[in-house]
Amino acid sequence: MELIDRILMLMQQQNLSKADLRRLSGLKKSTFYKLFDEKTNPDKIQLDTIRAIADALNTTLDYLMTGRDTQTVMGSFNANTIISIGRGGQRTIYHISDEDSAIVDNLLERLSKKKD
């Protein structure tokens with residue numbers, strides 16, 4: 001299965017039209033519809049274009065490019081789930097209380113302001 005086939009499959013699974021996906025991706029019409037032109041060489045598609053499509057389809061760039069999703073974390077998640085990915089790639093899943101969730105949200109907001 002190729003890049004465009006994976007995009008079309010995900011669109012079908014999510015019941016999205018090409019117009020829906022173009023709107024969600026934020027891509028220009030000419031850029032977006034060129035993806036589906038049979039004359040377009042998939043190897044020449046800009047990485048930023050594929051990334052915008054991956055984000056719109058709630059998937060990873062890796063999955064669209066290769067068909068493998070090495071970043072997938074399996075489990076049962078809700079608004080109070082935190083997934084920690086260590087430097088070695090190990091994943092730890094935490095389920096926290098509403099109170100702790102508010103503390104984490106506050107901390108992350110403070111940290112993101114420091115980067116700005």
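Here is a chat about the predicted model shown above.

Visitor: What's the overall layout of the protein chain, in helices and strands?
Guide: This is a predicted model, and the protein chain has six helices and two strands. Reading along the sequence, you get α-α-α-α-α-β-β-α.

Visitor: And how much of it is buried?
Guide: Of the 116 residues, 25% count as buried. The protein chain exposes about 8700 Å², with carbon and sulfur atoms supplying 49% of that.

Visitor: OK, the core. Which residues have the most contacts inside the largest one?
Guide: The largest nonpolar core has 20 residues, and Ile7, Leu21, Ile53, Leu57 and Leu64 have the most contacts inside it. Helices α1 (3–13), α3, α4 (47–56) and α5 (61–66) each put in at least two residues.

Visitor: What does Leu57 touch, then?
Guide: Skipping its neighbours within four places in sequence, Leu57 is in contact with Ile7, Leu10, Met11, Gln14, Leu16 and Leu21.

Visitor: Back to α4. Which of its residues are buried?
Guide: Thr49, Ile50, Ala52, Ile53, Ala54 and Ala56 are buried there. The buried residues of α4 pack against α1, α2 (18–25), α3 and α5.

Visitor: What about Phe32, buried or exposed?
Guide: Phe32 lies in helix α3 and is buried, at a relative accessible area of 0%. That counts as buried because the cut-off is under 20%.

Visitor: Which residues does Phe32 touch?
Guide: Not counting residues up to four places away in sequence, Phe32 touches Lys18, Leu21, Arg22, Ser25, Leu27 and Ile53.

Visitor: And how far is Phe32 from Thr49?
Guide: They sit 17 residues apart in sequence and 8.0 Å apart in space, C-alpha to C-alpha.

Visitor: New topic: pockets. What's the volume of the largest one?
Guide: The largest pocket comes out at about 170 Å³. Thr31, Lys34, Leu35, Thr40, Asn41, Lys44, Ile45, Gln46 and Thr49 line it.

Visitor: Which helix gives the largest share of that lining?
Guide: Helix α3 (residues 29–35) does, with three residues.

Visitor: Where is Asn15, and is it buried or exposed?
Guide: Asn15 is in the loop between α1 and α2. At 68% relative accessibility, Asn15 counts as exposed.

Visitor: And what follows α4?
Guide: Asn58 does, and its phi is also positive, near 55°. Asn58 belongs to the loop between α4 and α5 and is exposed, with a relative accessible area of 69%.

Visitor: Last one: where's Ser101, and what does it contact?
Guide: Ser101 is in helix α6 (residues 98–115). Leaving out neighbours within four places in sequence, Ser101 is in contact with Ala79, Asn80 and Ile96.

Visitor: Is Ser101 buried or exposed?
Guide: Ser101 is buried, with a relative accessible area of 11%.

Methods:
Residues numbered from 1 in each chain as written. Predicted model: local features only at pLDDT ≥ 70, side-chain atom pairs only at ≥ 80, totals over all residues. Heavy atoms only, no water. 1 Å grid on protein atoms, 1.4 Å probe; cavity = no way out; pocket = protein on both sides within 12 Å on 5 of 7 lines; lining within 4 Å. Points joined across faces, edges and corners; volume = space filled by probe spheres on them. Helix = DSSP H or I, 4+ residues; strand = E, 2+ residues; numbered from the N terminus. Buried < 20%, exposed > 50% of the residue type's maximum accessible area, 1.4 Å probe, protein only. Areas by Shrake-Rupley, 256 points an atom, 1.4 Å probe, with all protein chains shown as cover. Core = buried A, V, L, I, M, F, W, Y, C linked by side-chain atoms within 4.5 Å. Contact = heavy atoms within 4.5 Å.
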